Amino acid sequence: MTETALPASPPKPSAAARAGTFLRLFARNRMAAFGGGLLALILLVALAAPILPLQDPFAQDTTQRFLRPFSEGHWLGTDHLGRDLLSRLIWGTQLSLLVGVSATLLAALAGSTLGVVAGFLGGRIDNVIMRSVDTVMAFPYILLALAIVAALGPGLVNALIAVAVVNIPFFARNIRGVTVTLANKEFVDAARLSGMGDTRIIASEIVPNILPVIVIAMSTTVGWMILETAGLSFLGLGSQPPVPDLGSMLGEGRNALISHPHTSIIPGLMIFAIVIGVNLLGDGIRDALDPRLRSGALTRPLPATLVDRAETPAIAAKPDALLSLEDLRVEFRLGRRTLKAVNGVSLDIAPGECLGLIGESGSGKSVTALSVMGLVASPPGVIAGGALRFQGRDLLAMKPGELRRLRGDKVAYIFQDPLATLHPLYRIGEQIAEAIRVHHPVPQAEAMARAVALLKQVRIPNAKSRAGNYPHELSGGMRQRVGIAMALANEPELIIADEPTTALDVTVQAQILKLLEDLRRERGLAILFITHDFGVVAQLCDRVAVMYAGEIVESGPAQAILDAPAHPYTRRLIACVPELGGGRRTLAAIPGLPPGADDLPQGCAFAPRCDKAQAACRAGRVALTGQEPGRGVRCLFPETAEDRTETA
Amino acid sequence: MTAALKIEDLGKTFGGGRGLFDRQRPAVQAVADATLSVARGETLGVVGESGCGKSTFARMLVGLLPPTTGRIEIEGENLGAQAGRDPAAFGRVIQYVFQDPISSLNPRKTVEQIIEAPLKHLHAMPREARRKRIAEIFDAVNLRPEFLSRYPHEFSGGQAQRIGIARALAASPRILLLDEPVSALDVSVQAQVLNLLAHLKAEFDLTYLFISHDLAVVEAVSDRVAVMYFGRIVELGRAEEIFQAPRHPYTALLARSAPVVGRPLGAGEDGSGELPNPLDPPQGCAFAMRCPKATELCRTTRPDMQELTPGHATACHHPL
Ligand SMILES: Nc1ncnc2c1ncn2[C@@H]1O[C@H](COP(=O)(O)OP(=O)(O)OP(=O)(O)O)[C@@H](O)[C@H]1O
Ligand code: SF4
Ligand code: SF4
Ligand SMILES: [Mg+2]
């Protein structure tokens, strides 16, 4: 999705609010908080080692060998040389943490540098770097570390280097991937045109954007690295006696494992506590930095949009309406904020009718359309009021199973991006056949034949051979036709088309619109057509409803509204649309922006941008009233013939 | 008077050459034989469908992509040698305004840091002078000074696009290349940006190249329009003429397909409307498979650009 004006995407919070969200998400995660607490405690004690009243960790006393924990003068007992275990544990923890963290930093620095250089420069350099990295990765992990220490000689610094080296590929691969994506971003091109060289672009455009990724990668690997250094020390290749680290303590304790288990259990428990703490915390950081979790995406969406109405409106069944929406209200409940996306929308669609729903980005068109079949994701979406009826049946009272049977059968959707509905790994013919068989138990061969017939019907040339294509083998216009064929698979009564031609070129758009028009004529389909293009509405729709800030501000016959718009917003919006054949000219604009869905004005939502606004407009909600039969306008001072000639 | 921009036989082929093990790699000709000149102060519109090579063309003009053939001359100076190697040499004379306003701004930089980059790196302007210049530009694009310390995600699409324009203007270029500058915006906001562009052009004495797929917008802002199809310019003429009286069948199809209030549907074409395969380009006219007027000549010989009336040229054997 491309970013359009702010209200289109959920409004982006400020830096402070984002930090708040981070902390809240983080705290919500109990395990992460526990890990963080545990780690903080260990860290505090380890760092305080020099000032704690600890005994000398090197002082030997052979008379006091293998004292048990809780002995006089030695809380955790002593080891095989009679050295105080508590003191050695704390100093050893400090050393292990220091080495593990340093190894992580080293690996992150080296790996990220390689990754950034490879990803940014690409070509041959990328090839050479990534091949070498792959070679390193091909060796078993611990074997490589052992080989490095063997070559450099035992010692803590060498163990650190070995652990860092074996972890470089992990960072290099991750960071290269992110860098490649970033290097193709438009802001990098913009930086080049601003006269920046490669080094400067890496430093100021790329690195700041990959830092969060590096932090996440570090937090998930530091636990492993501590463990690996401990492993090398355990084998006697890391810290050398008498200096304690957790691995060497474990190694020394091993000889007395049976007779005096406490000498190995104590450092073992500490390693366990550190790794658990680091990993829980790392997972917590990762989750809190992951934007998908912010909107509660990890809580599994319900099968249908949640309905939470204060009262169930009693509505008279309208016999002549195929679909009717009555005072529909849809909200997104995001923590303390509530976005009111749809605020009391009422619409009727008769069988065979094409109703255009038009409005700017973020006006609530898609949410209205999706809520008809309960497709708004819950959480955070909630139907907060109103009623929905299809062929007289109450859609909001239906069980999820019933609703699912209607979806794709009696009511079908066509989306802007047909790839959203097509599975990339199945042939299009199979997918259409499958869509038929979900709702109607027909033999595979028959379903396949129907699929080909449908492809023919949407004017796909060589339908039979095309049925064997995968979605990616088709052009955008062809894919959208397949999307329409899918929607037609079960002979629906109603098609809800959400901007089906917006992503297409004009010549293809013209073909798709013609196709929809023909289908409507031939099969008596009703269409709810969502668009932001008045030209399309004029050509395809019988009636039109104009949306602004989640409300319908004007509705009526398409031609009548285009000829004589009654709402100031409609009139000015029409004036903004350039039309072919108008010649060179200045275009009309509407100053300002639509209100945010979490900050709707009390009165008329258009008042801040309306040049006719008066105190009465801002006082309270304006009702939709009809001047002429079949028309409605939500304005206290509707346009008059004079207003309209003024702009013409 | 020298032309602001002059290009001759500009072309770009991707791929090709020999790969590993001496295999011939497939070559795709994205742009071929583009020749045109843009007068100072003019707005040249470029239209064409997705995949026709508009963006490749644009990226060559601003020096982000080295052309395979041809030359680029800006204000009489040949920039061919620097193409693709030294974008800064281009940056001082021609700047780019991107289609997606948000993704063309680095999310981790403040607006001020973004706008001062060209002043710093292209013009080595000292701090005080930079401040003054930024204030002037910000005023010119109608943005409030307090926005300078904010980050890109805090802006709406229209505001972000104005920031992108401000950054381009900061380089004091002679030419602005506008690549679909309003397609990501709502209609009510689109006009705000277009009108601003018109005003800036007069104020800073600029030349525009305006790329768009929206014919009505192009017609409203351009002096002349170039129509591209399958990597080639197929028609070039005055804006008020080209869609009213197109000479190339493809331009005519475009003009017929645009949705217009009051015109019935179905004026477009019936066929599949598919583009030829770029890996196996047709020998003759690339439009022949969709063209109702195609003849044997069209399928075998590629038509060259010919001036039919003064200022109106097309590449078609049987112009309308
Ligand atoms: N999943 C979601 N979580 C939170 N807010 C949402 C969600 N989906 C939509 N919204 C909000 O609901 C409002 C209406 O959005 P909607 O998608 O219906 O607009 P639209 O009219 O279809 O716009 P467009 O023309 O861009 O498609 C917007 O304010 C949007 O930010
Ligand atoms: S109600 Fe008032 S503010 Fe709203 S559109 Fe009508 S005149 Fe304008
Ligand atoms: S050259 Fe022939 S095929 Fe090509 S556009 Fe002209 S008439 Fe049509
Ligand atoms: Mg939408």
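**Figure 1. Helices α5 and α6 of chain B.** The crossing of α5(B) and α6(B), shown here in a predicted model, is right-handed. Helix α5 of chain B spans residues 157-170 and helix α6 of chain B spans residues 187-204, and their axes come within 10 Å and cross at roughly 20°. Since angles under 35 degrees count as roughly parallel, α5(B) and α6(B) are therefore roughly parallel to each other. From α5(B), the contact draws on G158(B), Q161(B), R162(B), I165(B) and L169(B), while α6(B) supplies V189(B), Q192(B), V193(B), L196(B), L197(B), L200(B) and F204(B). Sorted by class, the residues of this contact of α5(B) with α6(B) are 8 nonpolar, 3 polar and 1 charged.

**Figure 2. The two assigned domains of chain B.** In the domain assignment of chain B, domain 1 is made up of residues 3-93 + 173-314, and domain 2 covers residues 108-168. The contact takes in 16 residues from domain 1 of chain B and 11 residues from domain 2 of chain B. Taken over C-alpha atoms, the centres of domain 1 of chain B and domain 2 of chain B lie 30 Å apart.

**Figure 3. Helices α7 and α8 of chain A.** Helix α7 of chain A (residues 186-193) and helix α8 of chain A (residues 198-234) have axes that come within 10 Å and cross at roughly 150°. That angle makes α7(A) roughly antiparallel to α8(A), and α7(A) passes α8(A) in a right-handed crossing. On the side of α7(A), the residues that meet α8(A) are F187(A), V188(A), A191(A) and R192(A), and their counterparts in α8(A) are D198(A), I201(A), E205(A), I206(A) and N209(A). The residues of this contact of α7(A) with α8(A) divide into 5 nonpolar, 1 polar and 3 charged. Helix α7(A) is mostly covered, with 6 of its 8 residues buried, namely F187(A), V188(A), D189(A), A190(A), A191(A) and L193(A). Just after α7(A), the glycine G195(A) takes a positive phi of about 90°.

**Figure 4. Helices α6 and α8 of chain A.** Helix α6 of chain A, which runs over residues 156-183, packs with α8(A) at an angle of about 155°, and the axes are 9 Å apart. That makes α6(A) roughly antiparallel to α8(A), given that the term applies to angles over 145 degrees. The crossing in which α6(A) passes α8(A) is right-handed. In the contact of α6(A) with α8(A), the residues comprise 19 nonpolar, 6 polar and 1 charged.

Figure 5. Most residues other than glycine have a negative phi, and most peptide bonds are trans. The peptide bond from P241(A) to P242(A), however, is cis, with omega near 5°, and P242(A) has its place in the loop between α8 and α9 (246-254) of chain A. At E491(A), a residue other than glycine, phi is positive and near 50°; E491(A) is found in the loop between α17 (476-488) and β8 (494-498) of chain A. Phi of A549(A), also in a residue other than glycine, is positive and near 50°. A549(A) lies in the loop between β10 (543-548) and β11 (551-557) of chain A, where A549(A) is buried, with a relative accessible area of 11%.

**Figure 6. The surroundings of A467 in chain A.** A467(A) is found in the loop between α16 (463-466) and α17 of chain A, and with a relative accessible area of 4% A467(A) is buried. Leaving aside its neighbours within four places in sequence, A467(A) is in contact with R427(A), I428(A), G429(A), V452(A) and L455(A).

**Figure 7. The assigned domains of chain A.** For chain A, the domain assignment gives domain 1 (98-272), domain 2 (412-491) and domain 3 (545-647). The centres of domain 2 of chain A and domain 3 of chain A, taken over C-alpha atoms, are separated by 40 Å.

Notes: Residues are numbered from 1 along each chain as its sequence is written. Chains are lettered from A and ligands numbered from 1 in the order in which they are written. This is a predicted model: local features need pLDDT of at least 70, side-chain atom pairs count only at pLDDT 80 or more; totals for chains, interfaces and linings use all residues. Side-chain values use heavy atoms; hydrogens and water are left out. Domain bounds come from an automatic or database domain assignment. Axes are lines fitted to C-alpha atoms, for helices over the stretch in contact, and angles run from 0 to 180 degrees between N-to-C directions. Helices (H or I, at least four residues) and strands (E, at least two) are DSSP runs, numbered from the N terminus. Angles under 35 degrees count as roughly parallel, over 145 as roughly antiparallel, 65 to 115 as roughly perpendicular and the rest as oblique. A crossing is left-handed if the near helix is turned anticlockwise from the far one by less than a right angle, and right-handed if clockwise. Contact means heavy atoms within 4.5 Å. Ala, Val, Leu, Ile, Met, Phe, Trp, Tyr, Cys and Pro count as nonpolar, Asp, Glu, Lys and Arg as charged, and the others, Gly among them, as polar. Buried means under 20% relative accessible area, exposed over 50%, partly exposed in between (1.4 Å probe, protein chains only).
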